[in-house]
Amino acid sequence: MPVIKLFRPARPHRPVGLGDLVVFLVVAVLIYAGVRLAFRAPAYVQGPEISLSPAALPWYAFLSTLRMLAAYVLSLAFSLVYGYKAARSRYAEIFFLPLLDVLQSVPILSFLPVAVLALTAFLPERLGVELAAIFLIFTSQAWNLTFAWYQSLITIPQELREASAIFRLRSYLRLRFLELPFAAIQLIWNSMMSWAGGWFFLMASEMFTVGARDYRLPGLGSYLQEAAYLGDTRALAWGLVTLIFLIVLLDQLVWRPLLAWAERFKLEMVESEGKTSSWFYKVLRGSVLWSSLWQRVLGPLDQRLLAWSLRKKALGETEGKRRSRLQFYVLTGILGGALALGVAWAARFLLSLPASQWIPIFEGAGATMLRVILALLLSALWTIPVGVLVGLNPRAASWIQPVVQIAASIPATALFPVLVMGLVHLPGGLNLAAVLLMLTGSQWYILFNAIAGARAIPQDLKYTARLMGLSRWQRWKILYFPALFPYLVTGAITASGGAWNASIVAEYVTFGGQTLYTVGLGAIIAQATERGYYPLLFAATLTMITLVVAINRLLWRRLYRVAEERFKLE
Amino acid sequence: MAEHLLELRNVSQVYRSGDREFLALKDVSLTLDEGEFLVLLGPSGCGKSTLLRIATGLQRPTSGEVLYRGEPLKGVNPKATIVFQTFALFPWLTVLENVEVALAARGVPPEERRRRALEILDRVGLDGFEGAYPRELSGGMRQKVGFARAMVVEPELLCLDEPFSALDVLSAAALRGELLELWLSGKIPTKAILMVTHNIEEAVLLGDRIVVMEKNPGRIVTEVRVSLPHPRNANDPSFRALVDEVYAMLAGETQPEAVELGSAPGEPGKLRALPNISVASMAGLLEALAATPGGRQDLYKLADELGVDSDHLLRTVEALELLGFVTVAKGDVALTPLGETFAEAGILARKEIFAARLRRLPIFRWLLELLEAAEGRRLRGEVVRRALELEFPPPEAEKQFQVIVNWGRYAELFAYDDSTGVLYLEPVPTSA
């Protein structure tokens with residue numbers, strides 16, 4: 001069974017360093033620059049009508065899938081390049097990783113005005129909106145992929161690295177024979193996660209209003225949102241069925257075959273049990289089309305790339321690769337100056353927000369944090385027992401696992417309107433309902449990891465526990481909890497990130513023509529976006545980034561270290 | 001005079017940790033000529049593997065020069081390949097692909113790649129396994145793939161990094177024989193072989209010349225020329241004599257106590273590194289010696305009898321020497337009266353003897369004084385680690401800490417709580 005390893009937090013030295021500050025300022029200035037650009041966007045935009053006829057769905061689904069694919073290709077390319085740079089750089093730990101850390105805690109809706117408005121400011125409207133949607137999906141797909149690739153690159157065993165060096169595997173050859181194979185399984189699992197993340201924010205990415213501008217793109221996400229907005233439950237149901245069908249289809253036709261194929265990249269030197277199997281992969285392997293694709297297209301391409309990398313190597317061998325000290329200082333000076341200028345402007349912009357506006361931000365932050373904690377606790381409460389139950393019973397796991405995986409990849413955002421309909425009438429209204437909505441965005445991570453953890457408990461320990469006649473409680477205390485701890489921490493880190501991000505869509509819901517919202521940081525960000533009140537959006541976003549990163553550093557990393565050191569089953 | 005194939009001139013390697021510097025290799029010079037099989041022999045931690053990496057250009061030395069055919073080496077030497085201790089095969093490639101990839105990287109066209117790879121696999125006796133994945137093979141066969149991959153590109157210099165030490169005894173013996181056959185028959189275009197090992201018999205069996213290294217700091221102590229004709233017979237008296245001689249070089253002689261023990265942290269003089277050896281190994285060796293008439297034995301015979309490799313044996317002997325249980329002279333190890341007592345004692349008595357001996361070691365004396373003076377007679381392990389890090393590079397310091405804890409726990413000198421990382425003195429038991 002594949003253990004879902006999300007990013008591993010970098011080695012914790014100090015909770016916060018100078019590099020972190022620089023990174024934070026860089027991101028703040030970038031967001032600010034986007035917001036400034038946004039002022040130049042057209043003042044009034046009316047998007048195309050979204051048809052709610054089920055007949056439109058196949059076309060919409062196709063468009064959305066294309067958008068997801070484009071964003072995914074972009075994410076993959078970004079990840080490969082960024083991860084490569086980070087793995088080679090001396091500044092990885094002080095700059096590249098913290099930057100990713102901050103980027104992944106920027107709430108997606110805060111990218112929205114930056115992306116859309118900035119892009120429509122200088123591109124034709126239709127193209128700008130299309131690119132913006134792809135960019136937004138990208139922001140929900142890229143980061144975990146990048147972390148996975150970086151982690152793989154730096155954990156390649158020394159011996160394999162030395163063998164590659166001595167046998168002169170470089171550039172394409174090294175990528176093809178060492179780095180990609182080594183990272184393959186991690187990359188595939190994280191790609192699946194990325195797609196799930198993309199679906200989750202599809203609705204937000206395809207349709208949104210910013211002030212008087214109504215941006216929409218024909219697609220499955222906008223179909224669902226329109227249906228929810230009009231309260232058309234029949235259309236909503238059609239949309240959901242299409243979405244689920246699409247997800248199952250992709251799982252069966254893309255991800256399962258990929259996983260089955262990737263079995264060969266397992267690093268173990270012993271034959272392992274529990275291989276992933278895929279009917280489609282078997283069909284493909286036997287097909288003429290597939291083998292001719294390999295012979296005619298991929299094989300020659302491989303040869304071409306190989307020849308190219310060898311030629312390049314011959315050239316590269318002589319070139320010196322030292323940049324002069326002067327160049328370095330000049331470059332640093334220019335970048336530093338630009339950063340300082342940007343920070344000054346951003347600060348002025350931030351100060352234009354009246355002081356009284358900060359109070360709701362802090363109140364909202366507190367409220368959202370409580371909800372995140374509550375959502376995590378509730379998740380843990382049901383997922384740990386269920387995870388252990390499933391994980392300890394291999395037969396149950398073999399069929400529950402795929403079901404859970406599909407359930408997890410159904411974007412909860414599509415279900416929100418339905419859930420909200422049922423929940424707002426409960427005492428507490430959206431205030432509590434939002435917790436449940438955030439739950440849908442976070443619980444799966446913990447469940448997956450709990451199952452993986454329970455399955456990793458060695459058989460001899462289970463026997464020993466039974467032989468000693470431990471009571472149920474003792475068994476939990478002595479065996480299950482300690483064994484599960486590292487997995488739970490890993491799951492909780494991702495779940496907490498997911499919950500924060502989900503707060504934006506959970507605390508501010510539009511359904512049946514009315515808008516429901518509650519006190520929370522997410523609601524403030526969503527509201528500020530819709531009204532086009534940028535200073536508030538900027539301030540709330542920075543607050544959320546600061547909070548999420550601080551919690552990561554101060555809480556999760558420490559727990560992670562404890563898990564690594566004390567509770568590792570070797 | 002013809003130029004050497006490989007020459008290392010005054011190579012030193014320094015590792016920095018914080019503002020401390022540790023000398024891993026000190027002023028090493030050596031030469032390797034065409035037709036030679038040179039062995040670097042030394043205990044673990046003497047830097048011989050580092051030296052191999054420097055010789056192939058995988059690593060750049062802190063100072064000193066590496067010349068290949070008289071030219072300074074820039075980057076990885078294209079004329080050299082390595083057979084790795086852990087095989088270092090790509091698990092996702094088949095046997096054939098593992099070999100082919102080495103050729104692909106040198107721009108050999110596909111058809112020729114296949115032909116040459118199949119040919120070399122045939123020569124090392126792997127035909128029929130071309131399509132197998134490394135995980136389907138035994139250790140010995142995996143290493144054959146390692147040899148095939150290293151030889152297929154026809155390197156002038158073949159480097160072997162303890163290639164047999166991860167194999168079982170029989171596979172290792174078989175593979176050694178096959179390597180010698182290939183090398184001596186001249187069927188491979190290899191001009192010279194450079195092998196790293198800590199196994200004395202292996203070195204004498206294969207090498208034309210043995211460079212003996214020592215650790216702390218890593219350096220060359222002497223060179224032995226082996227002129228025995230091939231095939232060499234391990235039971236031949238002249239072979240045994242040579243093995244005995246090399247053992248004597250590596251084991252050294254028992255020194256006066258002050259020299260053996262070294263000094264405590266913070267005192268002038270060098271802190272003695274404790275060999276990373278379990279108490280069980282020490283007890284086993286003492287028992288074996290006690291069973292030998294006269295309590296005295298040749299080291300190489302002892303290695304044969306006990307079936308342990310020479311490196312492990314030498315480190316165990318070093319530990320026993322340090323504790324005063326044995327003395328070493330001229331490649332012989334002899335039980336002291338104290339060692340004899342220990343071998344005959346029961347569990348508790350052994351602990352007492354061991355404790356008494358440990359108290360004499362400066363590092364333990366220092367630690368116990370510190371513990372006595374500490375509040376609540378407890379001390380964070382960090383304190384000890386930091387003191388050790390002033391003397392040893394970080395990974396070695398950690399190892400030393402573990403050895404101290406293991407020995408001290410056995411002797412019941414102190415206790416250590418792993419979860420809190422605290423060392424403490426157990427309360428003195430009130431007489432029952």
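User: Into which domains is chain A divided?

Analyst: The model is predicted, and that holds for every value below. Chain A is divided into domain 1 (41-264), domain 2 (278-314) and domain 3 (354-570). Between the C-alpha centres of domain 2 of chain A and domain 3 of chain A there are 41 Å.

User: How many helices and strands does chain A have, and what percentage of its residues count as buried?

Analyst: Chain A has 21 helices and five strands. Of its 570 residues, 42% count as buried. As for contacts in chain A between residues at least 6 apart in sequence, 80% of them join residues at least 24 apart.

User: How is the packing of two helices described?

Analyst: Two packed helices are described by the angle between their axes and the distance between those axes. A case in this model is helix H19 (residues 472-506) of chain A with helix H21 (residues 534-566) of chain A: their axes come within 9 Å and cross at roughly 175 degrees. H19(A) is therefore roughly antiparallel to H21(A).

User: Which residues make the contact of H19(A) with H21(A)?

Analyst: From H19(A) the residues include Phe485(A), Val489(A), Ile493(A) and Trp500(A), and from H21(A) they include Met544(A), Ile551(A), Trp556(A) and Leu559(A). Sorted by class, the contact of H19(A) with H21(A) has twelve nonpolar, two polar and one charged residues.

User: How many residues does each chain give to the contact between chain A and chain B?

Analyst: The size of an interface is often given as the accessible area lost when the parts come together. Here the description is by residues: the contact takes 23 residues from chain A and 22 residues from chain B. On the side of chain A that touches chain B, the elements giving two or more residues are helix H6 (158-166), helix H7 (171-200) and helix H12 (288-316) of chain A. H6(A) gives the most to that side, with six residues. By class, the side of chain A that touches chain B divides into 16 nonpolar, no polar and seven charged residues.

User: Which parts of domain 1 of chain B touch domain 2 of chain B?

Analyst: Start with the division of chain B: domain 1 (6-249), domain 2 (275-355) and domain 3 (361-424). The centres of domain 1 of chain B and domain 2 of chain B, taken over C-alpha atoms, are separated by 32 Å. Twelve residues of domain 1 of chain B are in contact with ten residues of domain 2 of chain B. On the domain 1 side, helix H6 (200-206) and helix H7 (237-251) of chain B are the elements that give two or more residues. H7(B) has the largest share of that side, six residues. The residues of the domain 1 side divide into five nonpolar, three polar and four charged.

User: How do strands of a sheet pair?

Analyst: Strands of a sheet pair through backbone hydrogen bonds, either parallel or antiparallel. Strand S1 (residues 6-17) of chain B and strand S2 (residues 20-32) of chain B pair in the antiparallel sense over nine bridges. Arg16(B) has Glu21(B) in S2(B) as its bridge partner. The hairpin of S1(B) and S2(B) has two residues between the strands, and Gly18(B) takes a positive phi near 65 degrees. S1(B) is also joined by five bridges to strand S4 (residues 63-68) of chain B, and these two run antiparallel. The partner of Leu6(B) in S4(B) is Tyr68(B).

User: Which strands stand at the edges of the six-stranded sheet?

Analyst: This open sheet has the order S6-S7-S8-S3-S9-S10 (chain B), with mixed pairing. Strand S6 (80-83) and strand S10 (219-225) of chain B are at the edges, each with a single partner strand, so one side of each is left without a neighbour in the sheet. Neighbouring strands are turned by 20 degrees against each other on average, direction ignored. Strand S3 (residues 37-41) and strand S8 (residues 192-197) of chain B run parallel and are joined by five bridges. Val39(B) has Met195(B) in S8(B) as its bridge partner. Helix H4 (residues 139-152) of chain B packs on the sheet, touching S6 and strand S7 (157-161) of chain B.

User: In what order do the strands of the three-stranded sheet of chain B come?

Analyst: The order is S14-S16-S15 (chain B), in an open sheet with antiparallel pairing. Its edge strands are strand S14 (378-380) and strand S15 (415-417) of chain B. The twist averages 25 degrees from one strand to the next. Three bridges join S14(B) to strand S16 (residues 422-424) of chain B, and Leu379(B) has Leu423(B) in S16(B) as its bridge partner.

Terms used: Residues are numbered from 1 along each chain as its sequence is written. Chains are lettered from A and ligands numbered from 1 in the order in which they are written. This is a predicted model: local features need pLDDT of at least 70, side-chain atom pairs count only at pLDDT 80 or more; totals for chains, interfaces and linings use all residues. Domain bounds come from an automatic or database domain assignment. Helices (H or I, at least four residues) and strands (E, at least two) are DSSP runs, numbered from the N terminus. A residue is buried if 20 or more other C-beta atoms lie within 10 Å of its own, exposed if 12 or fewer, and partly exposed in between; C-beta atoms are placed from the backbone. Two residues are in contact if their C-beta atoms, placed from the backbone, lie within 7 Å. Axes are lines fitted to C-alpha atoms, for helices over the stretch in contact, and angles run from 0 to 180 degrees between N-to-C directions. Angles under 35 degrees count as roughly parallel, over 145 as roughly antiparallel, 65 to 115 as roughly perpendicular and the rest as oblique. Ala, Val, Leu, Ile, Met, Phe, Trp, Tyr, Cys and Pro count as nonpolar, Asp, Glu, Lys and Arg as charged, and the others, Gly among them, as polar. Two strands pair if DSSP finds at least two bridges between them.
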